[in-house]
Amino acid sequence: MGYVGKGIKKIDGMGLIKGASSYTEDIALGHNYLTVKLLRSPHAFARIKKIDTTIASKIEGIECILTYKDVTDKRFTLAGQSFPEPSPHDRRILGEYVRYVGDEVAIVAGTNEETVLKAMKLIKVDYEILEPVLDFEKAIDHKSIIHTEKPYTSFNFGNEHMRNIAAQDLLVEGDVEEELAKSDVVIEHSYHTQAQIHGMMENYIAVTYMDFQERMNIISSTQIPFHVRRHVSKILDIPRSKIKVIKPRVGGGFGGKQTAPMEIYPALITKVTGKPAKLVYNRKETHTCTTTRHEMKLTVKLGATKDGIINAVDIHGLSNTGAYGEHAWTVFSVVGQKTLPMYRAKARRFYGEVVYTNMTTAGAFRGYGATQGTFALESAVNELAKKLDMDPSVIREKNLVKQGEVNPTLNSFVGEKSIVLDSSTLDECITRGKEMIGWDKKYPMQMLSPTKARGIGMAVTMQGSGIHGIDTASATLKLNDDGFYTLLVGVSDMGQGCDTVVAQMAAEILCVPVSKIIVNSTDTDVNPYDPGAYASSGTYVTGNAVIKAANLMVEKIVAGASKILDISEEDIEFNGDSLLLKDGKEISLDEIAYRLVAYEGQNQIITTGTWGGHTSPPPFIAGFAEVEVDLETGKVEMIDYAAVVDCGTVINPNLARIQVEGGVAQGIGLALFEDIKHDTKGKMISDTFMQYKIPSRCDVGDIRVEFKPSFEHTGPFGAKSIGEVVINTSAPAIADAVANATGVRIRTLPITPEKVLMGMLNTKHSN
Amino acid sequence: MEIKLKINGISKDITIKEGEYLQSALKRLGFLNVRKGCETGSCGLCTVLLDGKPTLSCSTLAVRGIKKEITTLEGESVEVAKFAEVLTDEGADQCGYCSPGFTLTVIAMKRELESPTTDEIKHYLTGNLCRCTGYMGQLRAVKKYMEVK
Ligand code: FES
Ligand code: FES
């Protein structure tokens with residue numbers, strides 16, 4: 001193997017760091033864009049009684065103001081998912097009702113920012129203020145109903161809008177009650193995971209214009225260009241053939257840009273005025289008016305024998321989707337899909353509801369429900385270990401699903417047949433992680449001084465690789481006339497490096513250096529369909545498509561050469577650089593490429609591979625945290641984090657390692673710092689990086705990463721995914737480390753000094 | 001008002017609005033990679049060098065740039081290329097959106113600190129947020145670039 005498994009540089013890295021113009025704002029120059037801004041609701045829940053734009057419209061330079069009276073009342077979802085979207089269609093471009101502080105009231109477009117801001121102040125809106133639902137635990141059957149109209153749903157996922165329920169889920173195997181009853185020990189606790197802000201460094205931005213063919217061009221920082229095309233076409237009634245979506249380099253996404261929260265507005269302005277339009281969200285809008293991680297409360301019941309054999313896992317979930325149901329059901333179902341298969345229990349169940357509230361909409365976020373589920377399940381397993389006075393790594397050794405075992409909940413969907421776990425080195429990951437953190441010496445805690453305690457804790461988790469039976473990607477390879485290749489893919493590189501990884505795979509098969517493969521992933525007109533960058537699908541799903549295209553390419557080159565040279569295919573050997581002929585002659589790829597496309601060959605070789613999987617093989621990670629707690633203040637400091645990952649074959653160790661380090665750090669944010677605060681009326685107040693604290697480089701301690709590769713037979717070169725799984729263990733491992741250091745078990749994230757200190761004070765009092 | 005700014009060694013005349021910040025003035029002049037991530041002085045994306053010192057251009061008035069040497073990424077192309085090599089070697093470049101501000105800060109640090117410790121490095125760079133990398137790879141690259149262990 002030449003290119004797979006090597007820490008090759010990211011193909012776009014040098015350009016990006018040297019500051020090449022590459023992001024949406026850099027390439028959307030010229031065009032004299034109209035500035036588009038959105039007037040937003042100051043109320044969490046209200047009906048617009050009257051809206052008057054007459055004075056505002058008269059301001060010089062104002063081109064267009066649209067309110068709900070001017071737009072279609074078609075309903076839709078902005079979730080970026082394969083059609084038919086499994087999210088309720090409960091949104092409108094603009095509506096008579098506003099459902100959270102920040103909901104769109106009017107679209108204003110003018111020649112420049114000052115003009116638009118001035119006009120926005122002069123729009124008079126008369127609201128009938130309604131009682132908002134701000135506590136998601138009180139949402140079901142609240143007297144305020146957030147969506148009185150029945151949303152369209154593509155299939156039945158339990159939407160009961162009149163009860164403020166967006167979706168429900170049930171995944172069950174075996175008789176949970178019976179197994180719990182038979183168990184020697186049963187523990188039951190509730191865990192709360194907060195909403196989280198993606199905090200990608202590039203805010204949301206989209207520009208639109210009509211091109212010379214009178215087609216709507218949309219340049220957007222998005223993870224889902226093909227879904228954006230579909231959304232805009234459906235919502236704005238523009239034929240799909242008249243829309244082109246361009247996705248430049250993306251400045252981070254983490255699932256946030258898997259929802260298309262803003263493209264429709266400038267597109268509508270361009271449609272109405274015929275003029276180019278630009279909408280840029282500022283940091284506050286990025287935080288409050290796009291999506292967050294779903295806040296959840298998860299109640300876990302575990303039943304076990306006194307030797308630590310887990311009989312039953314039972315999880316009830318309540319998820320807060322906010323004002324609209326983007327990814328409501330799918331994120332929620334992933335909570336069950338990625339927790340229940342972890343342990344070899346006889347009975348397991350996940351069930352519960354996703355509710356509407358008058359808050360910022362929740363959506364996709366790296367980990368996608370597995371993060372929330374892992375915090376709850378792994379915390380519970382650690383608590384069970386405590387109760388049984390057992391080492392938490394031992395209880396896992398006894399119960400974790402192993403490679404080669406059949407698991408009924410592994411295939412995610414109820415009613416599908418059980419599948420075998422093809423690849424897992426999780427047991428080795430645990431062993432190695434323990435060594436790295438010094439488990440046997442340090443568990444559970446050490447006192448450094450009378451006021452400083454150090455604790456260690458652990459957690460394990462899994463994710464999927466693509467969505468089986470749904471995600472299908474294509475890749476197209478073109479042999480250019482000068483003997484290099486263009487690889488066209490539709491997956492979106494938002495920094496994770498998938499363009500590089502797919503180039504490595506193609507290079508491996510075509511036996512050429514990565515530099516001979518130009519990756520293009522920018523444009524829906526040119527690139528083959530791909531659902532986008534989400535569900536950890538880049539390496540696994542798109543990668544498999546690339547392999548198919550590349551194998552086909554080799555075949556076709558040999559066949560093409562055989563024809564022009566008039567030699568049988570068997571007598572040609574292709575080594576990447578050239579074709580070796582049986583008679584000892586050698587013809588370079590450059591020459592063959594040229595002769596093929598020219599008059600002689602009349603054979604431009606373009607191959608396409610399309611691939612979708614029947615399973616979503618899980619990558620695994622074992623995470624170990626060491627923290628230091630100040631016993632006088634409750635402050636928790638990260639000291640060390642050891643992460644050992646099984647992502648199958650590691651295609652690019654450097655890029656994979658950074659994925660792990662970045663994911664663990666984002667998980668540390670979730671565990672310790674990130675907290676969205678609202679005022680009593682439902683307005684988000686932690687809406688900037690001043691108040692909403694993501695970890696800085698002084699907050700993460702040391703993060704150390706190793707790999708324990710397995711070989712996944714369905715994966716490209718044996719690979720599985722890595723992007724999401726890496727965020728999941730931080731919070732439960734840290735919570736356990738804190739509990740071991742202080743005796744205080746925090747079940748509500750984030751683990752703030754205040755909670756730790758109060759916990760310690762309360763334990764002292766009760767003693 | 002009309003002011004003169006010396007950017008990367010070249011003087012430019014620019015008309016600025018009252019209260020305009022350096023970040024937006026530089027952007028208007030075409031220095032596209034003077035980015036903005038937060039508007040509250042918390043992220044470091046907008047960092048430029050003012051007389052060699054890393055400065056948050058989103059919270060520095062444009063007039064403060066008068067009679068100073070303003071350096072953006074373009075003005076440090078040699079050092080930037082060197083640092084880019086080590087950073088990409090480490091795989092520590094992800095979305096790249098934070099990198100102009102970060103890279104300029106690293107370059108300034110190299111000139112300012114002599115064989116710094118890990119903690120000193122972290123401290124110097126702490127105002128430069130990155131949501132993608134988790135900072136470890138950046139640290140490894142910075143150490144290589146600074147030639148410290
Ligand atoms: S934009 Fe200047 S510090 Fe964030
Ligand atoms: S690389 Fe994306 S924010 Fe730093």
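Reader: Contact means heavy atoms within 4.5 Å. How many residues does the contact take from chain A and from chain B?

Author: This is a predicted model, where local features need pLDDT of at least 70, side-chain atom pairs count only at pLDDT 80 or more, and totals for chains, interfaces and linings use all residues; side-chain values use heavy atoms, with hydrogens and water left out. Residues are numbered from 1 along each chain as its sequence is written, while chains are lettered from A and ligands numbered from 1 in the order in which they are written. The contact draws on both chains, with 55 residues from chain A and 48 residues from chain B.

Reader: Which residues of chain A lose the most area to chain B?

Author: Buried area is the accessible area (1.4 Å probe) that two parts lose on being put together, summed over both. Chain A and chain B bury about 4100 Å² between them, and 56% of that is on carbon and sulfur atoms. Together 23% of what the chain A side buries comes from the residues that lose the most, namely Ile17(A), Met201(A) and Arg697(A).

Reader: How far apart are the closest N and O atoms of Asp26(A) and Arg35(B)?

Author: A salt bridge is a side-chain nitrogen of Lys or Arg within 4 Å of a carboxyl oxygen of Asp or Glu. By this rule eight salt bridges cross the interface of chain A and chain B. Asp26(A) and Arg35(B) form a salt bridge, with their closest N and O atoms separated by 3.1 Å.

Reader: Which element gives the largest share of the side of chain A that touches chain B?

Author: Across the interface there are 25 residue pairs in polar contact, both at pLDDT 80 or more. Helices (H or I, at least four residues) and strands (E, at least two) are DSSP runs, numbered from the N terminus. On the side of chain A that touches chain B, two or more residues each come from helix H1 (13–17), helix H2 (24–27), H17 and strand S29 (702–707) of chain A. The largest share, nine residues, is from H17(A).

Reader: What is a polar contact?

Author: Within protein, one atom of the pair must be able to donate a hydrogen and the other to accept it, and residues adjacent in sequence count only if both atoms are side-chain atoms. Under those conditions a polar contact is a pair of N or O atoms within 3.5 Å.

Reader: Which helix gives the most to the lining of the largest cavity?

Author: A cavity is a set of points on a 1 Å grid over the protein atoms alone where a 1.4 Å probe fits but cannot get out, and its lining residues have an atom within 4 Å of a point. The largest cavity is lined by 38 residues, with Gln496(A), Gln659(A), Ile722(A), Gly723(A) and Glu724(A) nearest its centre. Helix H14 (498–510), helix H15 (538–565) and helix H17 (653–673) of chain A each supply at least two residues of that lining. With three residues, the one that gives the most is H17(A).

Reader: How much space lies in the largest cavity?

Author: Grid points are joined across faces, edges and corners, and a volume is the space filled by probe spheres set on the points. The structure holds seven cavities of 30 Å³ or more. The space in the largest cavity is about 590 Å³.

Reader: Which helix holds both Lys182(A) and Glu179(A)?

Author: The side chains of Lys182(A) and Glu179(A) meet in a salt bridge at 3.4 Å, N to O. These residues are three apart, about one turn of the helix, and both lie in residues 176–182 of chain A, helix H5.

Reader: Which residues does Val554(A) contact, leaving aside its neighbours within four places in sequence?

Author: Val554(A) is part of helix H15 of chain A. With those neighbours left aside, its contacts are Ile509(A), Leu510(A) and Phe574(A).

Reader: Where is Pro444(A)?

Author: Most residues other than glycine have a negative phi, and most peptide bonds are trans. A cis peptide bond joins Tyr443(A) and Pro444(A), with omega about -5 degrees. Pro444(A) is in the loop between helix H13 (439–442) and strand S18 (445–449) of chain A.

Reader: What is phi of Asp389(A)?

Author: Asp389(A) sits in the loop between helix H10 (370–388) and helix H11 (392–399) of chain A. Its phi is positive, in a residue other than glycine, and is near 55 degrees.

Conventions: 1 Å grid on protein atoms, 1.4 Å probe; cavity = no way out; pocket = protein on both sides within 12 Å on 5 of 7 lines; lining within 4 Å.
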